[in-house]
Amino acid sequence: MGKRDVQIFFLLFFWLGVFLFIMEGRGSAVNTPASRPLTRRSKSYGRSCVEAPSYFWQTPGHLTVLKVPTSRGAAKSQLITNKVDPEHIALLVKNEWKLSYVTPLHHFRHTQLKSYSRHLAAFIAAENQQGVAVEVGLEAGFKVTFTAVLGLAETDEDAETVFIQIQSKPAFAAAADAPKVVWRGWLTCVNGDPEYLRSLPSDFVSLPLFCTSGSESLTTLVKTWFERAFDCNFGSLALNSTTLNWLAALWTGCHPTCNIRHLKLAWSLPTQPPLDVSYTVNPQDAWELWNSIHPEESTDDKIDIKEVQSFINGLETHFFRHFKIYLSAGTLVKVSTALGSAHLDGKIKIGNSDYITTLLTLLTESALLKMPT
Amino acid sequence: MADLSNLAGLGSDPSGEIDSSASSANNRSLRLAEKEKRKGEADPFGLAVKYLSQVEAGTVVRGNDELERNMLVVETVALSKGLPSEVITVLLDLALSLNAGTGNCARVLKFLIPATVVPQEAIVKGVSWLCVGKMPMNAQVLFVRWVLTVFDLIDCKDNLRSIYGFIFSFVTEENLCPFICHLLYLLTMREHVHPYRVRKLLDIQAKMGRQPFLTQLLALYKVFRPDLVTLSLPSRVRTGFKNHNSTWKVALSAVQRKNKGAVLVDQSLSLDVKEKPSTRKRVRCHLCNTVKSLTEHTLNSNKKVFCLQELRSFRELLENIHNIELPAQMGSLLGSALALHYLDCVQDESASLRLNFWLGHSLQEEFLLCPVDGSSDNTSEACRFLSTILFSQQFLQEGFSSTESFLYKFLSVWDGCLLRPQILDLLSDIPLMPSFYMHKLLFEPLKQLYFTSTVFFKVCMVLLFFFLSVCLYQARAWPCVLPRTMTLSGFMDSVMELVRFVGLLASEGLRLENCHVLLLNQTLAFYETVCDMFLKYSLPLIIMPPAGVFYPALFATDSVSVDRLGYIMYRYRKNLTLAKKQEQQREQTFHISRNTYKEFNRNLQAMVNSMWNSWWCIPGSDIEIDKDLISLSKVPEPWCRFDLIHHPALFSYAIEFHQRCWPERKNVDLGSIKTGKYWNWYMEFLFNQGFDGLNNFIQTNTGHSSGLSSQDDRQPTSQP
């Protein structure tokens, strides 16, 4: 009630005047330094945080041993269904996912997924009827399926994605009733920082990104089970605005090959009462702006964070010209295109499976940045 | 049963001098046996037991006075002194065989109070009588309850464990089930847990509902085989079994109290006390949930595996160090000294990583990404958590890397107030790192906190660095504690940076806080460590305090600070002299820069000039002040205001001395102290007040022993 929502839809024209100044930011892409050999203390209660090769990078709010990349490759379409079972992909594309990060799983084996299914099912059943013991392996109200989604991993260091589905079978359902899917979730790692992954001992599996869709109580149960079985810990993964900026730029860059239909951005401005701005940009215009900053035919495939910043600044400046509102004073809370959407509080949707790798790489990176050292 | 004839003799002899079973086995001489027999006959208790052992099936019970009489004899002895273990075997057999009738069965069970131990064979036999199935239900229940009561007195339990299956078969008896479950709970080992037993228990659970005894047993099964059964205990459910010892409790504890002296040491504990640990131990197991990581489980493993949290003593740890199993959640080990011993010893990288991941995650979620809903207000819990970490780190004498990196993150958001003691303690556990990182991660955030905080916090901070330095230097064998990536020179640089940083903080703090006495003293305490780095800690480093610390101490109004400064200068001189000597002798690689000597000499000169030579502001020194400016202050004889007589810190002593020397004088003339023998007396008087630091300082630097006019401010080793 105390909130004003300003819905602004308009098309952007006449870009040229606005973006002349942006051009100078180009060409300064910094390549991440080549990996250096890893050293480890003989006596370690964990890994020392200041030893080579890790650096501390002070970013607002948190600090991490991992490097925050300042440049990355442009989003490329790849026919993911050639690599991954289309049925699996279809599962990932449909839902809105809530994101969490997970510390590395101890003694997780991809070969044991069947037994994990049984254990998790028994665990959920036991938790639902406190104090009653449940035999592992009996069908008791819930059916849990662990599936390995092969092919999503990009590098040798990436562990294969694991998809978990929980179906409920009501006690009094008719035989013909199909079991209802009540919860879905998956653990993944795409293009995870190779140095980090290599530095883990072999009995750890790092699947840092955990996406869930379904009731909160089941999510909690699944997390608890994982925490007990693999001595790992979950924490919620909120995206930062830099990640959202990256997504906006990367997705816009895909427009020539795949129609992104619209670029929708949502800002929240700290006014009294709070002002939410929803800003929808014509895809062609957005792309032209992006192309003026990062020409398609540029020899360098890398996109620099400065270019991304310029792109967002450009959008904000244009908005200011029309509405005299500095969007930069607020926070970007949501980005969405036909390829997918991402919200600041850690909710994502995947719209087009062909660009899934780019999105997951970015999210894996965010999750790894949250890892305790 | 073979020894029954000899048992009687034993019963009368609780001290056990004559081991009848042994005598029969060894075929002792007939004469000895005869003697025993006679002795036994003389003893009514022995006779009674003998009689009872010979009661056969089908004996008439009703109106059998002899049986009644013997029973009474044994009962009296049992309730007053307890029964020796052999008699227990006999009586248990008598009761459960129902040879003396069902009524007597219950009666015998009720007075079956062991004096020392219960032989395991008696129980095994009892179970076999149970299997015969003749006993009425209440007798069966009574028997199992009795077993539970004396469980801790059973001498050995392995045979009992080997008939686990027989005992298990009674869980289907509805009346017996609660007691049998308890007994099984006490007996169960990992190898006893089988799918068919789990299924049986689950069937019973389905029939009887969630009974606490079943839940407890199943929970134990889950601990041993999480791959077979799973269970979650509601947090509010009462854990543990009921006590079934009501029938025997009073008599048993009375007997045990009486026999305390005679009983073996480890059994002298009363039953109540003994029962608790065994139950507790198992309950804790549920909480910690040992890892059988679902998949790893190997059924055929012959070697006995111990969970780390079951170990009680260091000795146990040593004995089982090769068969130790880590818990599923490494976090549960934090704060357990035994577990930390083990971790430190095995250097299992995965284990310490798991611990670190958990620790880092908990710290991060608790303090950095704390939920906004206010649920993190629980400071006492957070405080306990940090204290546990501190305990563990102090135990390991090394910080966890996750705490370290947490602290670096936390310092940038810390208000300097929240959980201050714990955070400062944790900070003092931080290992030394290259100076570049020290600046960025430690000094910058601390500097900001320092300059915006109260004087108390400043004192705490300097104290922190004091500890940091002490910890650093106390590691005598410092080359060994160097992180591998740090060279010696890097290490020295870092120490130097640290000391300089504290110097900077202290001098600025003293300026801001108007030379607060507490802060000054803390700073001087820090320099007391620093000045001795070369001599005490063999660090080839000598770093002088900055002027911002030196002069406030020199001109301090409290005598303690001045005395401390004297001591510090005295130690510096010792260190420098020795360093110089070593350098000349051995051409050592390290070289103390000429600047350090210069700095020292300048400070020394200033101190000697002001205190001894009464000329505190020499032209060309650090504190040169324009003469006209001083004369404006209209202080008479400004130059001697900081000598040993007029120094504000020592002024009161001079007055006192003056009063003692010339009690009749009305006009105080402090200048007269300087004349003749009075000066020496004054020195003596001053040093008798406990100013050892000043004493040392003056003796070494002015050679004062008689010296009235000793103008000599010898400068040590100032030549390059």
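This short talk covers the cysteines, the salt bridges and one surface patch of a predicted model.

Cysteines first. A disulfide is a covalent bond between the sulfur atoms of two cysteines. How many disulfides are there over all chains? The count is zero. Take Cys254(A). The nearest cysteine sulfur belongs to Cys258(A), 7.0 Å away. A disulfide needs the two sulfurs within 2.5 Å, so Cys254(A) is in none. Cys254(A) is buried, at 1% relative accessibility. Now look at Cys131(B). Its nearest cysteine sulfur is that of Cys105(B), 15 Å away. Cys131(B) is partly exposed, at 40%.

Next, salt bridges. Over all chains, the count is 15. One of them joins Arg571(B) and Asp532(B), with the closest N and O atoms 3.0 Å apart. Arg571(B) sits in helix α30 of chain B, and Asp532(B) in the loop between α27 and α28, so the pair ties together parts 39 residues apart in sequence. Are these two buried or exposed? Both are buried.

Compare that with Glu319(B) and Arg315(B). Their closest N and O atoms are 3.4 Å apart. They are four residues apart in helix α17 of chain B, so about one helical turn separates them. Glu319(B) is exposed, at 52%. Arg315(B) is exposed too, at 62%.

There is also a network. Salt bridges with shared partners link Glu68(B), Glu75(B) and Arg107(B).

Last, the surface. Ile625(B), Leu629(B) and Leu632(B) make a nonpolar patch there, with about 300 Å² of accessible area together. Leu632(B) is part of helix α32 of chain B, residues 627–632. Leu632(B) is exposed, with a relative accessible area of 66%.

Definitions and conventions
Residues are numbered from 1 along each chain as its sequence is written. Chains are lettered from A and ligands numbered from 1 in the order in which they are written. This is a predicted model: local features need pLDDT of at least 70, side-chain atom pairs count only at pLDDT 80 or more; totals for chains, interfaces and linings use all residues. Side-chain values use heavy atoms; hydrogens and water are left out. Buried means under 20% relative accessible area, exposed over 50%, partly exposed in between (1.4 Å probe, protein chains only). Patches are made of residues with over 30% relative accessible area and no salt bridge: like charges are joined within 9 Å, nonpolar side chains (Val, Leu, Ile, Met, Phe, Trp, Tyr) within 5 Å. Accessible areas come from the Shrake-Rupley method with a 1.4 Å probe; for residues, only the protein chains shown count as cover. A salt bridge is a side-chain nitrogen of Lys or Arg within 4 Å of a carboxyl oxygen of Asp or Glu. Helices (H or I, at least four residues) and strands (E, at least two) are DSSP runs, numbered from the N terminus.
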